[in-house]
Amino acid sequence: MCIRDSPEAALFAKTYCPSKISSVVDLWKQDIQKEHPITAQKIADPLDYPDEFSDLVMAAKVEQFIRGQRNSVDVPAHQYVEYNELLTQDFFKVLQEDPDQDLSQYSVIPEIKKQNPIFDLLKQHEQQGNEEEHFQDVDEPI
């Protein structure tokens, strides 16, 4: 990461992975310290000021919950649509309404289907196709 990317990386971390914000801010401060030491001193780590960045604490809870759910099981690709719908739940809003809400009652993991249902459809279509070909062969003149 170079100096000009540090601010964007900090904003990205704040938005998408708040657990990494402190390490990214530290890198940013180290990078800028060389050329602008006074500015580096003025850059604050949001986690050091939870009262001023209360949303960041909630975002960290949501990140921890989602990460724990995602690491618990691999979701097959054929269930992506169902998985994506579960991921669009607004857990941040849930915590804004009730900061003490236990997110463990929610799930972002769909019920895992062992076999891809598309394979069943293909097999069924294949069997129907073979039957049709068999009948066509019988009806055709020799």
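Predicted model: local features only at pLDDT ≥ 70, side-chain atom pairs only at ≥ 80, totals over all residues.
View 1. Once its neighbours within four places in sequence are set aside, Tyr83 is in contact with Arg70, Val75, Val108, Ile109 and Pro110. Apart from it lies another core, one of 10 residues, which includes Ala10, Val24, Val25 and Ile43.

**View 2. The largest nonpolar core.** Tyr83 belongs to this set of 11 residues, together with Met58, Val62, Phe65, Ile66, Phe91, Val94, Leu95, Leu103, Val108 and Ile109. Two or more residues come from each of helix H4 (54–72) and helix H6 (91–97), and H4 gives the most, with 4 residues.

**View 3. The aromatic pair of Phe12 and Tyr16.** The model holds 3 aromatic pairs, and in the one formed by Phe12 and Tyr16 the rings are tilted, at 4.9 Å centre to centre with 40° between the planes. Both residues lie in helix H1 (residues 6–16), and because they are 4 residues apart there, about one helical turn separates them. Phe12 is partly exposed at 49% relative accessible area, whereas Tyr16, at 58%, counts as exposed.

**View 4. The aromatic pair of Phe91 and Tyr106.** The ring centres of Phe91 and Tyr106 are 5.5 Å apart and their planes stand at 75°, so the pair is edge-to-face. This pair links distant parts of the chain, since Phe91 is in helix H6 and Tyr106, 15 residues apart from it, is in the loop between H6 and H7. Phe91 is buried, with 3% relative accessibility, while Tyr106 is partly exposed at 25%. Ring pairs join Phe65, Phe91 and Tyr106 into a cluster.

**View 5. A nonpolar surface patch.** Ile118, Phe119 and Leu122 make a patch of about 310 Å². Phe119 lies in helix H7 (residues 117–139) and counts as partly exposed, at 48% relative accessibility.

Notes
Residues numbered from 1 in each chain as written. Heavy atoms only, no water. Core = buried A, V, L, I, M, F, W, Y, C linked by side-chain atoms within 4.5 Å. Buried < 20%, exposed > 50% of the residue type's maximum accessible area, 1.4 Å probe, protein only. Contact = heavy atoms within 4.5 Å. Patch = residues over 30% accessible without salt bridge, like charges linked within 9 Å, V, L, I, M, F, W, Y side chains within 5 Å. Areas by Shrake-Rupley, 256 points an atom, 1.4 Å probe, with all protein chains shown as cover. Salt bridge = Lys/Arg side-chain N within 4 Å of Asp/Glu carboxyl O. Phe/Tyr/Trp six-rings, centres within 6.5 Å; stacked < 30°, edge-to-face > 60°.
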